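Here is a briefing on one protein chain. Please look over the sequence and the structure before reading the notes.

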Amino acid sequence: MRQFTANLTARRWAAAVTVVGCGLLGLAACSSAPAAPGSTGTSCGTTRTGANVPVVIKVSKGTVDCPTAMRIEQSYAMLLKEGDIRGNGGGAPVAVNGWTCQGYPTPQVLRTGAASECHTATAEVVAVLALPSTGS
């Protein structure tokens with residue numbers, strides 16, 4: 001029984017070290033599977049626009065893995081925030097890591113909730129306003 005308890009304790013410590021090590025260091029080798037691609041309709045998470053407005057990033061066309069969708073939209077927001085995009089309010093199309101991103105005009109944002117989109121020839125992600133839920 002003593003040997004069983006010692007082995008169990010050792011296995012628990014090994015598992016704890018693996019979980020903590022992977023969580024703290026973000027080691028790719030610790031991942032059990034590659035990121036699953038998001039198909040049309042997938043909601044990838046929330047971020048903020050260049051004007052600090054909360055948005056939900058959604059795959060609106062094709063297949064895009066969520067880390068890529070988030071990275072592209074966050075890069076686009078940073079370009080806006082830093083004033084690195086031409087056009088009135090930064091609405092002109094801009095290349096971001098092989099994607100083309102563009103903000104929508106305010107009337108369209110108010111009508112649809114979509115603040116901006118980034119696309120390639122086969123995929124598109126949209127930043128949709130993250131409206132606060134109202135309690136009833």
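## Briefing

Ser-39 is partly exposed, with a relative accessible area of 41% (buried is under 20%, exposed over 50%, partly exposed in between; 1.4 Å probe, protein chains only). This is a predicted model, where local features need pLDDT of at least 70, side-chain atom pairs count only at pLDDT 80 or more, and totals for chains, interfaces and linings use all residues. Residues are numbered from 1 along each chain as its sequence is written, and side-chain values use heavy atoms, with hydrogens and water left out.

**Confidence**

- The mean pLDDT of the protein chain is 76, and 66% of its residues reach 70 or more (pLDDT is the predictor's confidence in each residue, from 0 to 100).
- Over residues 1-35 the pLDDT is below 50. Beyond near neighbours in sequence, this stretch has 6 contacts in the model (contact means heavy atoms within 4.5 Å).
- Where pLDDT is low, the predicted coordinates should not be read in detail.

**Overall build**

- The protein chain has 3 helices and 8 strands (DSSP runs numbered from the N terminus; helices are H or I with at least four residues, strands are E with at least two).
- From the N terminus on, the elements run α-β-β-β-β-α-β-β-α-β-β.
- The protein chain has 136 residues, of which 27% count as buried.
- Among contacts with a separation of 6 or more, 45% come from residues 24 or more positions apart.

**Ser-39**

- Ser-39 sits in strand E1, which covers residues 37-39.
- Not counting residues up to four places away in sequence, Ser-39 touches Val-59, Gly-62 and Thr-63.
- Lys-58 is 19 residues from Ser-39 along the chain. Their C-alpha atoms are separated by 9.4 Å.

**Disulfides**

- The count comes to 2 disulfides (a disulfide is a pair of cysteine sulfur atoms within 2.5 Å).
- Cys-44 and Cys-66 form a disulfide, with sulfur atoms 2.2 Å apart. The torsion about this S-S bond is about -65°, so the disulfide is left-handed.
- Cys-44 lies in strand E2 (residues 43-48) and Cys-66 in helix H2 (residues 66-81), so this pair ties together parts that are 22 residues apart in sequence.
- Cys-44 is buried, with a relative accessible area of 17%. Cys-66 also counts as buried, at 17% relative accessibility.
- Cys-101 is joined to Cys-118 by a disulfide, S to S 2.0 Å. The torsion about the S-S bond of Cys-101 and Cys-118 is about 115°, so the disulfide is right-handed.
- This pair links distant parts of the chain. Cys-101 is in strand E6 (residues 99-103) and Cys-118 in strand E7, 17 residues apart.
- Cys-101 is buried at 0% relative accessibility. Cys-118 is buried at 0% relative accessibility.

**Glu-117**

- Glu-117 lies in strand E7, residues 114-119.
- Which side chain of opposite charge is nearest to Glu-117? Lys-61 is, at 8.9 Å (Lys and Arg count as positive, Asp and Glu as negative; His and the chain ends are not counted).
- Glu-117 is buried yet has no salt bridge (a side-chain nitrogen of Lys or Arg within 4 Å of a carboxyl oxygen of Asp or Glu).
- The Glu-117 side chain makes a polar contact with the side chain of His-119, at 2.9 Å (a pair of N or O atoms within 3.5 Å; within protein, one must be able to donate a hydrogen and the other to accept it, and residues adjacent in sequence count only if both atoms are side-chain atoms).
- Leaving aside neighbours within four places in sequence, the contacts of Glu-117 include Glu-73, Thr-100, Cys-101 and Tyr-104. Glu-124, Val-125 and Val-126 are also among them.

**Loop residues**

- Most residues other than glycine have a negative phi.
- Asn-52 has a positive phi of about 70° although it is not a glycine. Asn-52 lies in the loop between E2 and strand E3 (54-61). Asn-52 is partly exposed, with a relative accessible area of 49%.
- Asn-97 has a positive phi of about 50° and is not a glycine. Its place is the loop between strand E5 (94-96) and E6. Asn-97 counts as exposed at 57% relative accessibility.
- Thr-49 is in the loop between E2 and E3. At 22% relative accessibility, Thr-49 counts as partly exposed.
- Leaving aside neighbours within four places in sequence, Thr-49 is in contact with Val-55 and Ala-77.
- Thr-49 and Ser-75 are 26 residues apart in sequence and 9.9 Å apart in space, C-alpha to C-alpha.
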